[in-house]
Amino acid sequence: MKKMTALFLSLALVFTCVGCGNEGGASSTGDDTNVSAENSEESNAGTENSDTPEESSSAADDTADTKSEGVMTYEEYAAAAVDTEVVIEAYVQAKQAWWEDKATVYAQDKDGAYFLYDMACSKEDYEKLVPGTKIKVTGFKAEWSGEVEIIDATFEIEEGSYIAEAMDVTALLATDSLIQHQNKFVSFKGMTVEAYTDADGNVMKDADGNDAAWLYKWDGSGQDGDDLYFNVSLDGQTYTFTVESYLCDNTTDVYAAVKNLKVGDKIDMEGFLYWYEGVNPHITSVTAAQ
């Protein structure tokens with residue numbers, strides 16, 4: 001929905017730019033959403049790009065849990081009501097997009113994670129938001145189709161560095177507690193690629209007439225460069241995962257890896273625990289299951 005809204009807005013402004021929606025939220029299973037990246041070189045945060053956590057390594061200092069005066073702990077942020085002002089400190093984990101002095105960023109501290117949508121940000125400051133950078137953010141808590149985020153935000157860069165290790169949430173997939181880890185950098189182990197089905201449960205076919213392991217866009221209506229959608233299963237439950245093209249575009253390893261998937265493959269994955277009407281992770285790494 002937001003990508004479509006973005007397209008119409010941007011065409012009204014600049015023929016060659018891609019726009020951003022004016023609601024919260026970044027991507028969806030039912031709609032092609034999110035702010036636009038200026039281009040793949042500037043905003044892409046694929047697995048081989050320096051804008052994502054490298055090999056899930058931790059680079060925390062001893063002050064990563066210390067909050068400044070007037071800053072919420074993650075517990076306080078989680079308890080805050082939607083539409084109220086929030087002040088948090090966190091560390092950039094990946095940059096998803098920048099357009100017209102607004103940035104969309106995945107951030108995390110030792111206790112939880114945050115999705116910063118359309119945060120006020122100059123292009124110069126956007127370049128400074130490398131993974132691990134500590135920022136203080138003031139904005140408003142919002143919710144869109146289950147995804148909790150911070151909108152209408154401003155930020156300032158502070159001293160400190162932290163890159164989160166991927167948390168293995170495989171065992172939590174079918175539990176109610178999974179949502180408590182929303183927006184974190186996470187991993188999934190030993191999942192099976194399933195045939196992609198439409199809303200009526202009909203198996204989609206690829207160009208060769210085989211069961212489709214992935215689609216461009218959620219309904220197969222896209223083309224190379226659009227989001228990739230694919231289904232994976234564990235213990236009889238099937239889930240839809242996404243390669244968000246503004247985060248990992250068609251030049252990245254993960255984009256290529258998903259396009260090479262076959263139904264029945266066993267895979268391990270890493271990504272950010274995004275939410276859209278249920279779990280809808282934005283995947284940044286796919287490898288053969290170990």
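Author: Two strands pair if DSSP finds at least two bridges between them. The model discussed here is predicted.

Reader: What makes strand 2 and strand 3 a pair?

Author: Strand 2 (residues 102–108) and strand 3 are joined by six bridges in the antiparallel sense. The criterion asks for at least two bridges, so the two strands count as paired. Tyr106 stands opposite Phe115 of strand 3. A hairpin of four residues leads from strand 2 to strand 3.

Reader: How many residues of strand 3 are buried?

Author: Strand 3 covers residues 113–120, and seven of its eight residues are buried. The strand is therefore described as mostly covered, buried being under 20% relative accessible area.

Reader: Why is the contact between Lys67 and Asp109 called a salt bridge?

Author: The closest N and O atoms of Lys67 and Asp109 are 2.7 Å apart. A salt bridge requires a side-chain nitrogen of Lys or Arg within 4 Å of a carboxyl oxygen of Asp or Glu, so the pair qualifies. Lys67 belongs to the loop between helix 2 (40–43) and helix 3, while Asp109 belongs to the loop between strand 2 and strand 3, so the pair ties together parts that are 42 residues apart in sequence. Asp109 has a relative accessibility of 1% and is therefore buried, the limit being under 20%.

Reader: Which residues form the negative surface patch?

Author: The patch is formed by Asp65, Glu75, Glu76 and Asp111. Asp and Glu count as negative, so the patch is called negative. Glu75 lies in helix 3 (residues 74–79). Its relative accessible area of 66% is over 50%, so Glu75 is exposed.

Reader: Why is strand 10 described as largely enclosed?

Author: Five of the seven residues of strand 10 are buried, so the rest of the structure largely encloses this strand. Strand 9 (residues 228–234) runs antiparallel to strand 10, and seven bridges join them. At least two bridges are required, so strand 9 and strand 10 count as paired. Leu234 has Gln237 of strand 10 as its bridge partner. The two strands form a hairpin with two residues between them, and Asp235 in the turn has a positive phi of about 55 degrees.

Reader: What makes Thr251 an exposed residue?

Author: The relative accessibility of Thr251 is 54%, and exposed means over 50%, so Thr251 is exposed. Thr251 lies in the loop between strand 10 (237–243) and helix 5 (253–259). Its C-alpha is 8.6 Å from that of Gly225, and the two residues are 26 residues apart in sequence.

Notes. Residues numbered from 1 in each chain as written. Predicted model: local features only at pLDDT ≥ 70, side-chain atom pairs only at ≥ 80, totals over all residues. Heavy atoms only, no water. Buried < 20%, exposed > 50% of the residue type's maximum accessible area, 1.4 Å probe, protein only. Patch = residues over 30% accessible without salt bridge, like charges linked within 9 Å, V, L, I, M, F, W, Y side chains within 5 Å. Areas by Shrake-Rupley, 256 points an atom, 1.4 Å probe, with all protein chains shown as cover. Charge placed at Lys NZ, Arg CZ, Asp CG, Glu CD.
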